[in-house]
Amino acid sequence: EQESEDDIHSSRSSLDRQSHHRANTTVHVCWYRNTSVSMADHSAAVENQLSGYLLRKFKNSNGWQKLWVVFTNFCLFFYKTHQDDYPLASLPLLGYTVSCPVEADGIQKDYVFKLQFKSHVYFFRAESKYTFER
């Protein structure tokens with residue numbers, strides 16, 4: 001069958017959207033961070049998703065921002081509320097380590113965890129022990 005002009009334009013638009021979105025794909029993040037994902041980890045990521053409210057610490061202040069967070073496909077997506085259609089931001093987690101803050105971090109709150117990749121450090125606080133353990 002011969003493609004119509006609309007079909008060709010539609011295909012190009014689709015490709016443009018895909019290449020624009022590619023910056024946050026697992027493949028792109030793996031390449032950029034020089035890491036890889038096993039097939040078992042990929043399968044587990046597809047089957048496991050979490051969502052809920054977390055508090056994010058601002059860099060050099062005592063303030064915490066409450067965000068709805070969705071964890072899926074090795075990435076955190078941040079929303080103002082659970083009703084938002086589009087995320088405010090996203091954070092691909094490949095290469096990040098998860099730990100509890102140390103005394104030098106100066107975090108004096110319960111249920112806080114630290115995400116770090118090279119010099120990028122983020123602190124998140126859960127509102128309960130249950131949420132923290134998840």
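Helices (H or I, at least four residues) and strands (E, at least two) were taken as DSSP runs and numbered from the N terminus. The model is predicted: local features need pLDDT of at least 70, side-chain atom pairs count only at pLDDT 80 or more, and totals for chains, interfaces and linings use all residues. Residues are numbered from 1 along each chain as its sequence is written, and side-chain values use heavy atoms, with hydrogens and water left out.

A pocket is an open set of points, on a 1 Å grid over the protein atoms alone, where a 1.4 Å probe fits, with protein on both sides within 12 Å along at least five of seven lines; lining residues have an atom within 4 Å of a point. The largest pocket holds about 460 Å³ of space, a volume being the space filled by probe spheres set on the points, which are joined across faces, edges and corners. Its lining comprises 18 residues, of which L50, L54, L76, F113 and R134 are the closest to the centre. At least two lining residues each come from strand 1 (50–57), strand 2 (64–72), strand 5 (97–99), strand 6 (112–117) and helix 4 (129–133). Strand 1 has the largest share, five residues. Twelve residues of this lining are nonpolar (Ala, Val, Leu, Ile, Met, Phe, Trp, Tyr, Cys and Pro), two are charged (Asp, Glu, Lys and Arg) and four are polar (the others, Gly among them).

The volume of the second largest pocket is about 220 Å³. Its lining consists of R56, K57, F58, K59, N60, D105, G106, I107, V121, Y122 and F123. Strand 1 and strand 7 (120–125) are the elements that give two or more residues to this lining, and strand 7 gives the most, with three. By class, five residues of the lining of the second largest pocket are nonpolar, two polar and four charged.
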